[in-house]
Amino acid sequence: MGGAKRMQKKKSSGTKILVTILILLIIIAGALLAMKIWQNKQNEKEIVSENQEQIAQTPKTEEKKEPKTFAGNERPIAVMIDNNINAMHQAGFTKADIIYEIIVEGGETRLMMVFKNQNLDKIGPLRSARHYFLDYALENDAIYVHYGQSPQAKADIKTLAISDINGINESSTSFWRDNTRYAPHNAITNTKNIQAIIKREGFRTTSNKGNVLNYVAEEIELEDIKETIKTDITNVTNTTSEPIEKVTNLANSVTIPYSAYNTVKYTYNKETKTYTRYSRDTLQKDWNTNKAIEVKNIIVTKCANSTIDSYGRQTINNIKTLDGYYITNGKYIPIKCEKTSRSGKTKYKDLDGNEIEVNDGKTFIQICPLDSKISFK
């Protein structure tokens, strides 16, 4: 009996030890598991922190800005505009993207406004077509709107298959005379009427030809052109001559004579970084808004012109490489203007042969006589 009791005590004692060991093992295993979980969480935190730091250090890739001028694939509209002193002020300038100015008979100039995606209640005064303006309507793939035409323009419109709208052939509700002015300086239309005629004629309304000008969204500042000059510095004891560098391509004002009595002038506004336009010493405004015409860019092309008939009508020698200037933000650079065909786009290049980048905004293209004495100040 005594031996049996001792055996039971030993078994009981062994069981307790085994249980204790199992409990300790469970505790140790639990502790190890807890430690592992804690370490994993710490590692996860470190990975998240590293990723966040990498994201913070990685430069953000901004979407490339696109220029707003001539945006979209809508086909442009080009409208012939009177520029006689009695036609000022004209309607539609503030909405035009590109405006061409070229010599016509009698030392006068005419303008061609090119725009798209616009809704204008009044455009004009309109004038008749001249054949060399067709070259610039073609290179813009534009529908050409005019009020009358020269014999040369009439023939070329047919030969070149121009999508044209001649206001003289349209109703007096589509093109009308404004009775606050006298003929021929008062023919008016609007975009609603133009669009209705485009639909009636079945003209193509989209274009994939792209812009004539290489517009960019980022602001372009033309590089300084510097010249080393000598200046005299006088003091009490002696006079010395020292070389200094002077920027010689400043364009705070630009003067472009077309004839003895027809001169265009632009003055630069540093606050708005635009040029204000004057014609015949008169501030040019928009008839619709009474606001002064402000322009971001000016491109000058010097081109020979000559008389072709007894009425004094002109032609220009423009299918070649011509000298010119690009003017923006208070400076100018000399450029080359290359046009290889009547419908081909004019390429405007710097003297290294690179196509110039043009600031986003309204551009006047001044195609002036070869002997025009252009001046900058």
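## A predicted chain, seen through a few of its residues

N169 is exposed, with a relative accessible area of 60%, where exposed means over 50%, buried under 20% and partly exposed in between, all computed with a 1.4 Å probe on protein chains only. This residue lies in the loop between β5 and β6 (176–177), and its C-alpha atom is separated by 8.4 Å from that of G148, which is 21 residues apart from N169 along the chain.

The model is predicted, and for that reason local features need a pLDDT of at least 70 and side-chain atom pairs count only at pLDDT 80 or more, while totals for chains, interfaces and linings use all residues. Residues are numbered from 1 along each chain as its sequence is written, and side-chain values use heavy atoms, with hydrogens and water left out.

**The chain as a whole**

The chain has 4 helices and 24 strands, which are DSSP runs numbered from the N terminus, a helix being H or I over at least four residues and a strand being E over at least two. Of the 377 residues in the chain, buried residues make up 44%. A contact is counted when heavy atoms lie within 4.5 Å, and among contacts in the chain between residues at least 6 apart in sequence, 62% join residues at least 24 apart.

**Helix α3 and its two sides**

Which residues of helix α3 (residues 151–159) are buried? They are A153, D156 and I157, and, seen down the axis of α3, these buried residues fall within an arc of 105° (taken from the directions from the helix axis to the C-beta atoms), so they line one face of the helix. An α-helix has 3.6 residues a turn, so residues three or four places apart point the same way. The buried residues of α3 pack against α2 (133–139), β4 (143–146) and β5 (164–166), whereas P151, K154, K158 and T159, on the other side of α3, are exposed. Just after this helix, A161 takes a positive phi of about 55°.

**Salt bridges**

The structure holds 19 salt bridges, each being a side-chain nitrogen of Lys or Arg within 4 Å of a carboxyl oxygen of Asp or Glu.

| Pair | N to O separation |
|---|---|
| D141 and R75 | 3.7 Å |
| D141 and R204 | 2.9 Å |
| R313 and D309 | 2.9 Å |

D141 forms a salt bridge with R75. D141 lies in the loop between α2 and β4 and R75 in the loop between α1 (2–57) and β1 (77–82), so the pair ties together parts that are 66 residues apart in sequence. Both D141 and R75 are buried, and for D141 the relative accessibility is 12%.

The side chains of D141 and R204 also meet in a salt bridge, and this pair links distant parts of the chain, 63 residues apart, since R204 lies in the loop between α4 (191–201) and β8 (215–216). R204 is partly exposed, at 41% relative accessibility. When residues up to four places away in sequence are not counted, R204 touches R75, D141 and I143. Between R204 and E74, which are 130 residues apart in sequence, the C-alpha to C-alpha separation is 9.5 Å.

R313, the partner of D309, counts as buried at 16% relative accessibility. Elsewhere, salt bridges that share partners join E219, E221, K273 and K296 into one network.

T346 lies in the loop between β20 (331–338) and β21 (347–349) and is buried, with a relative accessible area of 4%. Its side chain is joined to that of E139 by a polar contact of 2.8 Å, a term for a pair of N or O atoms within 3.5 Å in which, within protein, one must be able to donate a hydrogen and the other to accept it, residues adjacent in sequence counting only if both atoms are side-chain atoms. Leaving aside residues up to four places away in sequence, T346 touches Y136, E139, V212, C337, E338 and K339.

A cavity is a set of points, on a 1 Å grid over the protein atoms alone, where a 1.4 Å probe fits but cannot get out, and its lining residues have an atom within 4 Å of a point. Grid points are joined across faces, edges and corners, and a volume is the space filled by probe spheres set on the points. By this rule the count comes to 1 cavity of 30 Å³ or more, and the largest cavity has a volume of about 60 Å³. T346 is one of the residues that line the largest cavity, and the others are Y136, T301, N318, K320, L322, C337, K339, Y348 and I367.

Technical notes. 1 Å grid on protein atoms, 1.4 Å probe; cavity = no way out; pocket = protein on both sides within 12 Å on 5 of 7 lines; lining within 4 Å.
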